[in-house]
Amino acid sequence: MENSIEKLRKIIEKSTNIVFFGGAGVSTESGIPDFRGKDGLYHLKYKYPPEEILGIDFFLNNTEEFYQFYKDKMNSLEYQPSITHYKLTKLEQSGKLKAIITQNIDGLHQKAGSKNVYELHGSIMRNYCMECNHFYDAKHVFESRGVPKCKCGGIIKPDVVLYGENLDDHILLNSIKKIINADTLIVGGTSLTVSPANTLIQYFRGDNLVLINQDETPFDHIANIVIHEKIGSVFDNL
Ligand code: NAD
Ligand code: ZN
């Protein structure tokens, strides 16, 4: 790992347009479980698999059960950013890191002070009434009893991209633009199995593709450097 970290340090030194693309593995060291890692939610036993519960059809047809799971498992309000979140903020402040593109919905990059964050899958921090579009914060949703309702009586939906829903065009397009212009793309803490997010890598035209993930990913073979370690210890040692 020493050697790879040394290489990564040199790459960062030389780069002027870095983009970070991350997933749930960036937040496991904050205490938030991922889906497919060894302690991930997919290994817990529920009546339904998480990808079904977190689907738009399930939300619409079984709203109460959706919210039981959602409030139990997706409430990350009390969690704090990890070393990785903070180091990325520093890298952004140095001017080298131009964007953080994340599949996470936990808001921890912003909590760490990062500004250019593209949330491909939305955020638990924003919630809207499905009838009148009134905005509600996460506290309102997580502290509600049962299905959170708007003052107009409408059901409130988290601004989270559920399975079966489309990604926001604007966020997707801007993420692609950032990747196309990057000289270095650091991909970290993602199994790279969720589509279309995982297809973003194909737009990278730069010099260095760096992949940091505990487990192997389907894209390991195209990376210049692959580090199968905890991302926090990699960033801590940079
Ligand atoms: P994933 O669960 O599919 O994969 C996470 C990957 O991170 C695994 O391959 C695992 O080996 C790796 N990992 C875990 N801890 C790590 C660490 N400390 N250092 C390095 N690697 C580590 O996650 P994904 O690819 O992001 O896709 C899951 C989907 O679920 C995303 O769409 C995301 O929206 C959602 N999700 C979000 C959160 C969150 O917001 N924190 C948490 C769980 C799931
Ligand atoms: Zn309303």
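**Strands, ligand shell and core in a predicted model**

Guide: In this predicted model, strand E1 is largely enclosed by the rest of the structure, because five of its five residues are buried.

Visitor: Which way do the residues of E1 point?

Guide: Ile18, Phe20 and Gly22 point one way from E1, whereas Val19 and Phe21 point the other way, and all are buried. In a regular strand the side chains alternate between the two faces of the sheet.

Visitor: Which strands does E1 pair with, and in what sense?

Guide: E1, residues 18-22, pairs with E2 in the parallel sense over five bridges. E1 and E7 also pair in the parallel sense over five bridges.

Visitor: What stands opposite phenylalanine 20 in E2, and what is its bridge partner in E7?

Guide: In E2, phenylalanine 20 stands opposite isoleucine 100. In E7, the bridge partner of phenylalanine 20 is isoleucine 186. For valine 19, the bridge partner in E2 is alanine 99.

Visitor: Is E2 mostly covered or uncovered?

Guide: Strand E2, which spans residues 97-102, is mostly covered, with five of its six residues buried.

Visitor: How many bridges join E2 to E3?

Guide: Three bridges join E2 to strand E3, residues 117-119, and the two strands run parallel. Within this pairing, isoleucine 101 stands opposite tyrosine 118 in E3.

Visitor: Let us turn to the ligand. Which residues come nearest to ligand 1?

Guide: There are 28 residues around ligand 1, and those that come nearest are Arg36, Gln103, His121, Ser191 and Asp215.

Visitor: How does that shell divide into nonpolar, polar and charged?

Guide: The shell around ligand 1 holds eight nonpolar, 13 polar and seven charged residues.

Visitor: What lies 2.6 Å from an oxygen atom of ligand 1?

Guide: That is a polar side-chain atom of aspartate 215. Threonine 190 has a side-chain N or O atom 2.7 Å from an oxygen atom of ligand 1. Glutamine 214 places a backbone N or O atom 3.0 Å from a nitrogen atom of the ligand.

Visitor: And how much of the accessible area of ligand 1 does the protein cover?

Guide: On its own, ligand 1 has 840 Å² of accessible area, and the protein covers 95% of that.

Visitor: Next, the other sheet. What is the order of its strands?

Guide: Three strands form an open sheet in the order E5-E4-E6, and the pairing is antiparallel. E5 and E6 are the edge strands, each of which pairs on one side only.

Visitor: How many bridges are there between E4 and E6?

Guide: E4 and E6 pair in the antiparallel sense over five bridges. Serine 123 stands opposite aspartate 159 in E6.

Visitor: Tyrosine 136 is in E5. Is tyrosine 136 buried or exposed?

Guide: Tyrosine 136 counts as buried because its relative accessible area is 10%, and buried means under 20%.

Visitor: How far apart are tyrosine 136 and asparagine 75?

Guide: The two are 61 residues apart in sequence and 15 Å apart in space, C-alpha to C-alpha.

Visitor: Now the core. Which residues have the most contacts inside the largest nonpolar core?

Guide: The largest nonpolar core has 25 residues, and Phe66, Tyr67, Tyr70 and Met74 have the most contacts inside it. The elements that give two or more residues to this core are helices H3 (56-61), H4 (63-73) and H7 (138-143), together with strands E4 (122-129) and E6 (156-160). H4 gives the most, with four residues.

Visitor: Last, the backbone. Where is the cis peptide bond?

Guide: A cis peptide bond joins serine 195 and proline 196, with omega at about 5 degrees. Proline 196 lies in the loop between strand E7 (184-188) and strand E8 (208-212).

Visitor: What is phi for leucine 192, and is that residue buried or exposed?

Guide: Leucine 192 has a positive phi of about 55 degrees although it is not a glycine. Leucine 192 is in the loop between E7 and E8. With a relative accessible area of 2%, leucine 192 is buried.

Visitor: And asparagine 133, what is its phi?

Guide: Phi of asparagine 133 is near 70 degrees, a positive value in a residue other than glycine. Asparagine 133 lies in the loop between E4 and strand E5, residues 135-136.

Visitor: Why is asparagine 133 classed as exposed?

Guide: Asparagine 133 is classed as exposed because its relative accessible area is 56%, and exposed means over 50%.

Notes
Residues are numbered from 1 along each chain as its sequence is written. Chains are lettered from A and ligands numbered from 1 in the order in which they are written. This is a predicted model: local features need pLDDT of at least 70, side-chain atom pairs count only at pLDDT 80 or more; totals for chains, interfaces and linings use all residues. Side-chain values use heavy atoms; hydrogens and water are left out. A residue is near a molecule or strand if one of its heavy atoms lies within 4 Å of it. A polar contact is a pair of N or O atoms within 3.5 Å; within protein, one must be able to donate a hydrogen and the other to accept it, and residues adjacent in sequence count only if both atoms are side-chain atoms. Accessible areas come from the Shrake-Rupley method with a 1.4 Å probe; for residues, only the protein chains shown count as cover. Ala, Val, Leu, Ile, Met, Phe, Trp, Tyr, Cys and Pro count as nonpolar, Asp, Glu, Lys and Arg as charged, and the others, Gly among them, as polar. Buried means under 20% relative accessible area, exposed over 50%, partly exposed in between (1.4 Å probe, protein chains only). Two strands pair if DSSP finds at least two bridges between them. A nonpolar core is a set of buried Ala, Val, Leu, Ile, Met, Phe, Trp, Tyr and Cys residues joined through side-chain atoms within 4.5 Å.
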